[in-house]
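Please open the model in a viewer and keep the selection panel at hand.

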Amino acid sequence: MTDTTRPGILVVDDEPRSVEVIARLLDEEFEVFTALSAEEGLRLLETEWIQVVFSDQRMPEVSGVEFLTQVRERWPEVVRIVITGYIDPEDIIGAINTAGIHQFITKPWHPDHLLLTARNAAKMYQLQREHDRLTNELKLLPPVAETRVASKRERVRQSYRFDGLVRAEGSPVEEVCRQAERVAGFNVPVLVLGETGTGKELLARAIHYGSPRSDQPFYCENCGAIPDELLESELFGHKKGAFTGAHSNRLGLLEQADGGTIFLDEIGDISPAFQVRLLRFLQEGEIRPVGSNETRRVDVRVVAATHRDLTAEVKAGRFREDLYYRLSTMTLTMPPLRDRPDDIPVLARHILDRLSVAHGKPVAGFAPDTLACLEAYGWPGNVRELQNEIMRMLVLCEGDTLGAELLSDQVLRGAALNARPASPEDGPLPPLDLIGQGGPLKSRIERVEAGILMETLVRCRWNKSKAADELGLSRMGLRAKLERYGIERGSAQRH
Ligand SMILES: Nc1ncnc2c1ncn2[C@@H]1O[C@H](COP(=O)(O)OP(=O)(O)OP(=O)(O)O)[C@@H](O)[C@H]1O
């Protein structure tokens, strides 16, 4: 069985004696594989975990550079080194361009030099892998204004702290974060429940970056709507030829996340067969790539999430009870945005600041009636939908404030419909079904304004001082507007 703790090195040379000498030299520190031809070398690359290739330049069938060009095409991450008897500057440039050669070693080589080259190459492989991982994580990062951190890693960590989950004081999200912070330090699985867009993934990242594993990788896999075979190969990896299209070996995410955390989103959607596969992994801590006979032990913390009611799924027999208990040592629930309306203005402000910096479009903020609508709307898509709405408004905005006229019909209409009277005698529902109808912008805006006035008065139980305060109007200003729109308590609005 391959020793995955030592870097794998492949030595290719048609001279058995040369191969043997190099192998003996490197054997103490590396897992060494040897091949007497390029063809044999390619076969080994397909099946073994190899990070560095040393190849002789002069071989009968293909040259070292030609062989390493093929290696580059199929395994670009592998570090490639040529051993050659002569050095011609033009050959070097050609080899660097076509085969991406990391280094040339000239014959006769010194053992110390060869060993040092092997060590540096293995280190380079690791650094490159780490770099790729951080770049991937940074791609997913929300841009953070005013954050100056020393390193990329620190930037990632800073962005995903628990206070990166924006919420108002006293929000139910505070309690969720408190519990998550407590469980972060324990090496136990966490199940995050909540509707789509509520911030489950953000919470999972905060758990990882708040845990002792924070220096290790964090990977996400969306398990929903993806066929079993693909999911299996994504998570567990596969060997070349394991199925049609498996052109090369592939390292699964569970192995890549070794030492760190994997976030399995939409876990409630996995098939019964895959539930068994996952349960086995959780019980044994071992993975076996598709098409391979070898198992490997990995240490990965699992944070799973679903928008489904998983206990109901268990009761209905669609989700295995044993897997449910394995995953849910600690269960956290992200509340929907409509159940935490106080978070809306804080989140809206945060999102607007972030987007206006990211898109270089400074705006002062939201008009009071815009905020009132944002707070009244139900947000079935939660924070993600709020983000999209604000982005849309930012694109359309021509002034320096986001006015209600920029809101989508959906939000305007939904906000109005949600603004139910506190009791029947408090008055009629605002006639905001008119909003969706056509007409010149000015009259549509007036209809929106009238609706917002009505909604605010209903919510403030017709306390006009409170409504005026909330709307940022003087009492006189409010009265003028009410007269203009013919709004009074107990009467149907005339617009
Ligand atoms: N409290 C919050 N503070 C700041 N941003 C948030 C917050 N909650 C969610 N977001 C943002 O909203 C978007 C959706 O969040 P996230 O992807 O974490 O939700 P989710 O519940 O995992 O969604 P899904 O179930 O659809 O995968 C992300 O861009 C995230 O950064």
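**A tour by selection**

Begin with glutamate 266, which lies in the loop between β10 (261-265) and α11 (272-284); helices (H or I, at least four residues) and strands (E, at least two) are DSSP runs, numbered from the N terminus. The model is predicted: local features need pLDDT of at least 70, side-chain atom pairs count only at pLDDT 80 or more, and totals for chains, interfaces and linings use all residues. Residues are numbered from 1 along each chain as its sequence is written.

The phi of glutamate 266 is near 55 degrees, a positive value in a residue other than glycine. Glutamate 266 is partly exposed, with 19 other C-beta atoms within 10 Å (buried means 20 or more such atoms within 10 Å, exposed 12 or fewer, partly exposed in between; C-beta atoms are placed from the backbone).

Next, select tryptophan 379, in the loop between α15 (368-376) and α16. Its phi, near 50 degrees, is likewise positive in a residue other than glycine. Tryptophan 379 counts as buried, with 23 C-beta neighbours inside 10 Å.

Then select the open sheet of five strands, which has the order β7-β10-β13-β6-β14 with parallel pairing (two strands pair if DSSP finds at least two bridges between them). β7 (218-222) and β14 (330-333) stand at the edges with a single partner strand each, so one side of each has no neighbour in the sheet. Strand β6 (residues 190-193) pairs with β14 in the parallel sense over four bridges; there, valine 192 has leucine 332 of β14 as its bridge partner.

Finally, select proline 108, in the loop between β5 (103-106) and α5 (111-140). The peptide bond from lysine 107 to proline 108 is cis, with omega near -5 degrees.
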